[in-house]
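Thanks for coming, everyone. Let me put the structure up, and then I'll walk you through a few parts.

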Amino acid sequence: MPNTLIQKCFSQFLLSLLLAACGVLLSACQSGPKVRIFPPSASLQELRVEPSGQWVLLLRLQNYSTVGMRLQMSSAQLSIDGLPPVMLAASEPLMVATGSTEILELRVAPDASLQQRIDSALQSRKGVGYQLSGEIVSLEPRERRDAFEFSSSLTPMPGLPGVLR
């Protein structure tokens, strides 16, 4: 009788172990985390005025998706304090990691009214409002086009001549 009890307990143990192993094997067959694609965004991090009068813009391309994306700004325009916008050239594609940001450097030659407005802001140490809008093309993992619009302000940075952030 004791042998039968031991055999019964051992059989139940083996059955439990077999079921646990099957559960582990089935869970290994899952497809992994769900891929969620969200529209990327762009914003202006810095405007730097060079001695030549040309501007260097540092734009932040932001990826809110659960996968890395290859992003390219196909068209954009920057308007400062409601003045006529300056058109920004298309960028080279950048790989932006999951939930991350990459910095894109663009050089532009502003018209006289924009240059005068920024010079005035730098001299008076007062900020300017801006609006950045356009289209970002996602090349990977799936090709798509997303419009974006971002409004904020830039202020002169103490100790950094010609720089607004």
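First, a term: a helix here is a DSSP run of H or I with at least four residues, numbered from the N terminus. Keep in mind that this is a predicted model.

Start with helix α2, residues 112–124. It has 13 residues. At 1.5 Å a residue, they should span 18 Å, and the end C-alpha atoms are 18 Å apart, so the two agree. Just after α2 comes Arg 125, with a positive phi of about 60°.

Which residues of α2 are buried? Leu 114, Gln 115, Ile 118, Ala 121 and Leu 122. Seen down the axis of α2, they fall within an arc of 125°, so they line one face of the helix. On the face turned away from that buried side sit the exposed residues Ala 112, Gln 116 and Gln 123. And what covers the buried residues? The cover includes β1, β2, β3, β4, β7 and β9.

Now the largest nonpolar core. It has 33 residues. Those with the most contacts inside it are Leu 47, Trp 55, Leu 78, Ile 80, Leu 88 and Ile 118. Strand β3 gives the most, with six residues. Take Leu 47. Beyond its sequence neighbours within four places, its contacts include Trp 55, Ile 80 and Ile 118. In general, nonpolar side chains in soluble globular proteins tend to be buried together.

Last stop: Ser 138, in strand β7. Buried or exposed? Ser 138 has a relative accessible area of 0%, so it counts as buried.

How values were computed
Residues are numbered from 1 along each chain as its sequence is written. This is a predicted model: local features need pLDDT of at least 70, side-chain atom pairs count only at pLDDT 80 or more; totals for chains, interfaces and linings use all residues. Side-chain values use heavy atoms; hydrogens and water are left out. Helices (H or I, at least four residues) and strands (E, at least two) are DSSP runs, numbered from the N terminus. Buried means under 20% relative accessible area, exposed over 50%, partly exposed in between (1.4 Å probe, protein chains only). The expected span of a helix is 1.5 Å times one less than its number of residues. The arc is that of the directions from the helix axis to the C-beta atoms. Contact means heavy atoms within 4.5 Å. A nonpolar core is a set of buried Ala, Val, Leu, Ile, Met, Phe, Trp, Tyr and Cys residues joined through side-chain atoms within 4.5 Å.
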